[in-house]
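Open your viewer and get your selection tool ready.

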Amino acid sequence: MDSSSLPNLDLSKLSDADKRDLQQQLNNEMQKAKLNDAIHTLTEICWTKCITGAPSSGKLSGKEESCAQNCVERFMDANTAVLRHLQVMQGEGM
């Protein structure tokens with residue numbers, strides 16, 4: 001949906017509480033979108049790296065399952081390390 005199809009909203013008529021609520025809803029939606037992007041990226045990376053063929057009988061082989069689990073854990077570790085580093089940088093005032 002583009003902005004031309006949205007009704008013209010006069011945000012100046014919202015109360016401060018409504019503006020805060022709207023901002024929180026927007027922040028929540030942005031966080032959901034970021035999470036969905038991270039999940040998509042994680043799935044793509046780990047599938048490409050670990051799944052060598054079509055899963056037979058709907059299950060991964062032991063090697064594929066182990067690789068995928070390790071891939072997810074390393075991806076999460078890396079993201080956690082980056083977030084911690086960014087928090088430290090923010091605390092230092094960059």
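The tour below visits a helix, a pocket and some paired side chains.

**Before you start**
Keep in mind that this is a predicted model.

**Stop 1: helix H1**
Select residues 16-50, which make up helix H1. How far apart are the end C-alpha atoms of H1? They are 50 Å apart. With 35 residues at 1.5 Å a residue, H1 should span 51 Å, so the two values agree.

Now colour Leu42, Cys46 and Cys50, the buried residues of H1. What do these buried residues pack against? Their partner is H2, the helix that covers 62-91.

**Stop 2: the largest pocket**
Show Gln31, Lys34, Leu35, Ala38, Ile39, Leu42, Phe75, Met76, Asn79, Thr80 and Leu83, and you have the lining of the largest pocket. The space in this pocket comes to about 310 Å³.

Which helix gives the largest share? That is H1, with six residues.

**Stop 3**
How many salt bridges does a search of the whole structure find? The count is three. Side chains of opposite charge can pair when their charged atoms come close.

Select Glu29 and Lys32, which form a salt bridge with their closest N and O atoms 3.2 Å apart. Both residues lie in H1, three residues apart, about one turn of the helix. An α-helix has 3.6 residues a turn, so residues three or four places apart point the same way. Glu29 is partly exposed, at 46% relative accessible area, and Lys32 is partly exposed too, at 48%.

**Stop 4: a network around Arg74**
Finally, select Glu73, Arg74 and Asp77, which are linked in a network of salt bridges. From N to O, the bridge between Arg74 and Asp77 is 2.7 Å, while the one between Arg74 and Glu73 is 3.9 Å. Arg74 and Asp77 both lie in H2, three residues apart. Check the surface as well: Arg74 is partly exposed at 41%, Glu73 is partly exposed at 36%, and Asp77 is partly exposed at 44%.

Technical notes. Residues numbered from 1 in each chain as written. Predicted model: local features only at pLDDT ≥ 70, side-chain atom pairs only at ≥ 80, totals over all residues. Heavy atoms only, no water. 1 Å grid on protein atoms, 1.4 Å probe; cavity = no way out; pocket = protein on both sides within 12 Å on 5 of 7 lines; lining within 4 Å. Points joined across faces, edges and corners; volume = space filled by probe spheres on them. Helix = DSSP H or I, 4+ residues; strand = E, 2+ residues; numbered from the N terminus. Expected span 1.5 Å × (residues − 1). Buried < 20%, exposed > 50% of the residue type's maximum accessible area, 1.4 Å probe, protein only. Contact = heavy atoms within 4.5 Å. Salt bridge = Lys/Arg side-chain N within 4 Å of Asp/Glu carboxyl O.
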